[in-house]
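Reader: I am new to this structure and would like to go through it piece by piece. Please show it to me before I ask anything.

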Amino acid sequence: MIDLRSDTITKPTPGMLDAMMSAEVGDDVFDGDPTTSLLQNRLAEMFRMDKALFFPSGTMANQVALRIQTNPQDEVICHKHSHIYLYEGGGMAANSQLSPKLLEGDRGRITAETVDASINSDDIHYPKSSLVGIENTMNRGGGSIYSLEEIMKIRKVCDENGLNLHMDGARLFNALVETGENPDEYGPLFDTISICFSKGLGAPIGSVLLMKRELYPKALRVRKMMGGGMRQVGYLAAACLYALDHHIDRLKEDHRRARILGEALSKSQYVQNVLPVDTNIVIVELNGITPADYLETLAKKGVKAVAFGANAVRFVTHLDFGDNDLEIILTLLK
Ligand SMILES: Cc1ncc(COP(=O)(O)O)c(C=O)c1O
């Protein structure tokens, strides 16, 4: 099977496994685990942010980010397709007693203008607008990328209105390799940024939440409460350090293959439209077939993808999908 359901399906490479097996470890809850501290410090420096904290999942990193920057009854402003709203099991309500203000926006991206217009006035009828969440790259938008210029404008609106700004950067490195921008341009624009290592970067587990210094004590406390304080976690952090050294530049390969795949899909049967392919996600809108039937037909020919809404299917390229696999799919589509 060629599995393009997600970039989360990859398995650690032999080099990554070696790095994990030889990691120096300690009890991270008692005294800090040395390899995890190394990863946290390296990322904080890379993004020019004060502090970083390791998490077992992107969902937990996002949920802690929401919790530490809001109070119960507050409102979070985000796109209606954002992961923090759509795919985290209602966590913002359950964990932090928040409600969302859901915005429209081109391929999952909100703008400074729509954020500005959505901030509630100081009136006891309304929830207090306290946090803006953006996602980069944007999964439901087909891996779309925010421009740094727009992010700066959103930051300005947040500053003018006393709001914090969070980035769900599960696939932020996909955006960075594509635009050529430097991580240190991003950190100063946000209060918190979450980054996943278990997606395009190929680690089995691991996310990091970057944050401003004043948020750190609360983040440590809430992570512990949610069960995210882990012990000899350096075995996992070592995989993430390995990914930082070996798997960032190669994301361009995933993007190249995704573009070729998107092009081929656009000429293939049942495909009405392919969303622009900016990174490693290809979303096709179907015509004359349901996603379930399309996926079944693909599966019979050895390819897996996932349904993405009522009329669409998503393919994601990744570390375990090479040129040979791409050739097989191209032949099959012809
Ligand atoms: C944009 C985005 N944010 C957050 C997550 C959550 O990551 P995890 O599956 O590690 O909880 C995902 C997972 O697919 C994602 O695509």
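Reader: How many residues of strand E7 are buried?

Author: This is a predicted model, in which local features need pLDDT of at least 70, side-chain atom pairs count only at pLDDT 80 or more, and totals for chains, interfaces and linings use all residues. Residues are numbered from 1 along each chain as its sequence is written. Helices (H or I, at least four residues) and strands (E, at least two) are DSSP runs numbered from the N terminus, and a residue is buried if 20 or more other C-beta atoms lie within 10 Å of its own, exposed if 12 or fewer, and partly exposed in between, with C-beta atoms placed from the backbone. Strand E7, residues 192-196, is mostly covered, and the number of its residues that are buried is five of five.

Reader: Which residues of E7 point one way, and which the other way?

Author: In a regular strand the side chains alternate between the two faces of the sheet. In E7, all the residues on both sides are buried. Thr192, Ser194 and Cys196 point one way, and pointing the other way are Ile193 and Ile195.

Reader: In which sense does E7 pair with strand E8, and which residue stands opposite Ile193?

Author: Two strands pair if DSSP finds at least two bridges between them. E7 and E8 (residues 207-211) have five bridges, in the antiparallel sense.

Reader: What is the bridge partner of His166 in E7?

Author: Strand E6, residues 164-169, pairs with E7 in the parallel sense, over four bridges. In E7, the partner of His166 is Thr192.

Reader: Which strands stand at the edges of the open sheet of seven strands?

Author: The order of this sheet is E2-E8-E7-E6-E5-E3-E4, with mixed pairing. An edge strand has a single partner strand, so one side of it is left without a neighbour in the sheet. The two edge strands are E2 (51-55) and E4 (99-103).

Reader: At what angle to E2 does helix H10 run?

Author: Axes are lines fitted to C-alpha atoms, for helices over the stretch in contact, and angles run from 0 to 180 degrees between N-to-C directions. Two residues are in contact if their C-beta atoms, placed from the backbone, lie within 7 Å. H10 (residues 216-225) lies across E2 and E8, and its angle to E2 is about 10°.

Reader: Why are the buried residues of helix H1 on the same side, and which exposed residues does the opposite face carry?

Author: In H1 (residues 14-21) the buried residues are Met16, Ala19 and Met20. They are on the same side of H1 because they cover an arc of only 100° around the axis, the arc being that of the directions from the helix axis to the C-beta atoms. What covers them includes helix H11 (234-246). The face turned away from the buried side carries Pro14, Gly15 and Met21.

Reader: Are H12 and H14 roughly parallel or roughly antiparallel to each other?

Author: The axes of H12 (residues 251-266) and H14 (residues 323-333) come within 10 Å and cross at roughly 5°. Angles under 35 degrees count as roughly parallel, over 145 as roughly antiparallel, 65 to 115 as roughly perpendicular and the rest as oblique. H12 and H14 are therefore roughly parallel.

Reader: Where does H8 stand in relation to H12, and which residues of H12 make the contact?

Author: H8 (residues 172-179) packs on H12 at about 85°, with the axes 9 Å apart. That makes H8 roughly perpendicular to H12. From H8 come Phe173, Asn174, Val177 and Glu178, and from H12 come Leu251, Lys252 and His255.

Reader: What strands does H12 lie across?

Author: An open sheet of four strands has the order E9-E10-E13-E12, with antiparallel pairing. H12 runs at about 10° to E10 (281-286), and the strands it lies across are E9, E10 and E13.

Reader: Is Tyr270 buried or partly exposed?

Author: Tyr270 lies in the loop between H12 and E9. Leaving aside neighbours within four places in sequence, Tyr270 is in contact with Leu286, Asn287, Gly288, Ile289 and Tyr294. With 16 other C-beta atoms within 10 Å, Tyr270 is partly exposed.
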